[in-house]
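Have a look at the structure before reading on.

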Amino acid sequence: MSSAVIFIEKSAPATITDFHDVLSNDLISVKEKWSFEFKTFRLTVKNLPPDSSRLMHSISFSNHGNKTVTIKNKSAVVTSTNTGDIPTSLILNGCSSRFCESFDHLLTSKLSNLWTQRQSIKGDFGSTYQTAELTIRATNVFSYGGFKGLLLELECEGDVQDQDFEQRVVKIRKYLKDIGIEDYKICCESMDPLCKNFTCDLAFQYVKVLEL
Amino acid sequence: MVLQLCLTSAIDDDSYELCTSTLCNLSGNPPVLFSNFTAMFKPNSSFDIEQTNSKNQLIEQNRLKLCRGVPLDALENDSEKRDYRMLKKFADDDLKGFDLQILQKMLHGSIDVDDMEVDEEKPSEQSWILSISDIPAAGSNRKVSSQAIIESTILSTGGSSPSVIAFLSELGYTLDYQLLTVGVKFNMKHNVYLELSKIWRVEGGEAQQLTKGGFLVKAFVNVAKSTDIKSINHGTNALLHLQKELSGYIDLTIPDRKSMDSRLENLNDI
């Protein structure tokens with residue numbers, strides 16, 4: 001599986017409709033609605049070395065099995081609030097009580113002397129477009145009620161050569177050019193090329209395009 | 001936030017066999033063998049950490065508990081012998097051939113590149129349970145210990161420093177101490193679980209048994225919400241019923257709440 005994330009800050013709330021129109025010839029179907037939430041946390045410790053990073057990001061997806069990815073520097077963890085996701089073995093041997101909460105909740109309650117939440121960016125009720133080549137998720141992004149831009153998540157299931165995927169992304173970029181959008185951030189990198197983890201890499205791409 | 005109601009006791013090594021068969025009869029279920037690895041983390045001591053958050057609420061520094069199962073075949077190769085009787089061989093520090101390296105591999109990830117095929121691992125082999133517990137509620141008229149625990153599930157880790165210990169160090173936490181638990185668990189009536197366990201402290205490639213000469217006995221009920229009074233009363237009564245049933249044989253009592261306090265400076269203010 002490969003993915004790429006595009007964030008178009010210089011757009012209007014109606015740009016998503018233009019994008020739908022330009023895509024319409026390739027469209028096989030319009031699928032489920034989706035949403036995500038992106039939060040930034042800041043480490044409040046005072047005596048950190050000046051060059052070390054203080055920011056940590058967490059991204060919760062409504063798709064991708066309702067998972068949350070939390071990324072700081074080069075490390076990421078995937079967490080879930082879904083009781084069904086807890087491996088049965090961990091419940092049977094008493095590690096888990098079967099009642100789990102979100103990692104964000106742990107951060108904002110028990111670790112709030114270490115970490116403070118700085119910003120929250122949300123994309124609600126986005127559209128999912130299926131083409132022959134890609135699954136494209138598009139949503140308008142808001143921060144505290146204010147419009148921030150348009151976000152596109154491109155995803156390709158199954159084993160696809162990196163080159164093929166790149167070409168499919170190029171095609172989408174051409175479409176964006178057709179509707180007059182040339183200034184945007186795009187990321188298709190993975191956290192570690194040698195050790196790919198789809199969910200972590202996708203979250204990493206969100207961080208790269210949404211980070212101020 | 002889960003509320004764990006519990007009562008504890010201890011038995012000696014010689015009573016183990018009779019005790020398991022008694023509990024087996026009482027519960028109507030065979031004992032389930034389990035083994036866990038627990039790593040406790042504390043806030044990085046080189047950090048200058050505020051005691052209050054941005055809303056000026058006092059937040060006490062608490063240890064983080066990271067927990068995961070240990071494959072039972074690593075403890076006992078012979079599947080025929082892998083039942084509750086297996087515990088009898090662990091009378092002292094010696095773990096009878098168990099490779100402590102397995103625990104370090106879990107925490108730090110494998111250094112061997114050939115082992116890094118994450119896809120082939122089962123989900124349970126990548127998952128961890130992360131939790132923080134409050135000090136059990138105070139009060140002299142309590143009949144059982146009740147402790148609030150907040151728990152989160154880590155499904156997998158990623159990135160170019162993919163180990164769970166690397167992430168926790170980014171989070172501001174460092175390893176404090178490590179425990180290995182091997183025990184049996186009974187599913188008693190009314191959602192009460194009863195565990196008999198042996199615990200080792202693992203440090204620098206060596207293990208020291210903390211339960212030498214005996215077993216820790218813990219009977220507990222987990223209540224999903226700390227506001228669910230009905231379930232709490234129900235759980236309390238179930239535990240008290242078990243306490244009465246076992247009285248004279250295993251005396252289940254309320255554990256010392258200080259010993260269950262995971263705060264960093266827990267000795268200063270009680």
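## Ground rules

A residue is called buried if 20 or more other C-beta atoms lie within 10 Å of its own, exposed if 12 or fewer, and partly exposed in between, with C-beta atoms placed from the backbone. This is a predicted model, so local features need pLDDT of at least 70 and side-chain atom pairs count only at pLDDT 80 or more, while totals for chains, interfaces and linings use all residues. Residues are numbered from 1 along each chain as its sequence is written, and chains are lettered from A and ligands numbered from 1 in the order in which they are written.

## Starting from A:Lys72

Is A:Lys72 buried or exposed? A:Lys72 counts as buried, because it has 25 C-beta neighbours inside 10 Å. The residue sits in strand β4 of chain A, residues 67–72. Helices (H or I, at least four residues) and strands (E, at least two) are DSSP runs, numbered from the N terminus.

Setting aside neighbours within four places in sequence, A:Lys72 is in contact with A:Met56, B:Glu170 and B:Leu171. Contact here is when the C-beta atoms of two residues, placed from the backbone, lie within 7 Å. As for A:His20, it is 52 residues from A:Lys72 in sequence and 34 Å from it in space, C-alpha to C-alpha.

## Chain A overall

Chain A has 5 helices and 9 strands. Read from the N terminus, the order is β-α-β-β-β-β-α-α-β-β-β-α-β-α. The C-alpha trace spans about 55 × 40 × 35 Å along its principal axes.

Buried residues make up 42% of the 212 residues in chain A. Of the contacts in chain A with a separation of 6 or more, 59% are between residues 24 or more positions apart.

## Helix α4 of chain A

Helix α4(A), residues 162–178, has 17 residues and reaches 25 Å from its first C-alpha to its last, close to the 24 Å expected at 1.5 Å a residue. The expected span is 1.5 Å times one less than the number of residues. Which residues of α4(A) are buried? They are A:Phe165, A:Arg168, A:Val169, A:Ile172 and A:Leu176. Seen down the axis of α4(A), these buried residues fall within an arc of 100°, so they line one face of the helix. The arc is that of the directions from the helix axis to the C-beta atoms. An α-helix has 3.6 residues a turn, so residues three or four places apart point the same way.

The cover over the buried residues of α4(A) includes β1 (2–8) and β8 (146–156) of chain A. On the other side of α4(A), A:Gln163, A:Gln167, A:Val170, A:Lys174, A:Lys177 and A:Asp178 are exposed. After α4(A) comes A:Gly180, with a positive phi near 80°.

## Where the chains meet

The contact takes 43 residues from chain A and 50 residues from chain B. On the side of chain A that touches chain B, β4, β5 (75–80), α2 (88–92) and α3 (103–109) each supply at least two residues. The largest share, 6 residues, comes from β5(A). The residues on this side divide into 18 nonpolar, 17 polar and 8 charged. Ala, Val, Leu, Ile, Met, Phe, Trp, Tyr, Cys and Pro count as nonpolar, Asp, Glu, Lys and Arg as charged, and the others, Gly among them, as polar.

β5(A) is joined to strand β5 of chain B, residues 145–159, by 6 bridges, and the two run antiparallel. Two strands pair if DSSP finds at least two bridges between them. A:Val77 has B:Thr157 in β5(B) as its bridge partner.

## Strands and turns in chain B

β2(B) and β6(B) pair in the antiparallel sense over 12 bridges, with B:Val32 opposite B:Lys185 in β6(B). β6(B) also runs antiparallel to β7(B), joined by 10 bridges. The hairpin of β6(B) and β7(B) has 5 residues between the strands, and B:His190 there takes a positive phi near 55°. With 12 C-beta neighbours inside 10 Å, B:His190 counts as exposed.

In the hairpin of β7(B) and β8(B), with 2 residues between the strands, B:Gly204 takes a positive phi near 50°.
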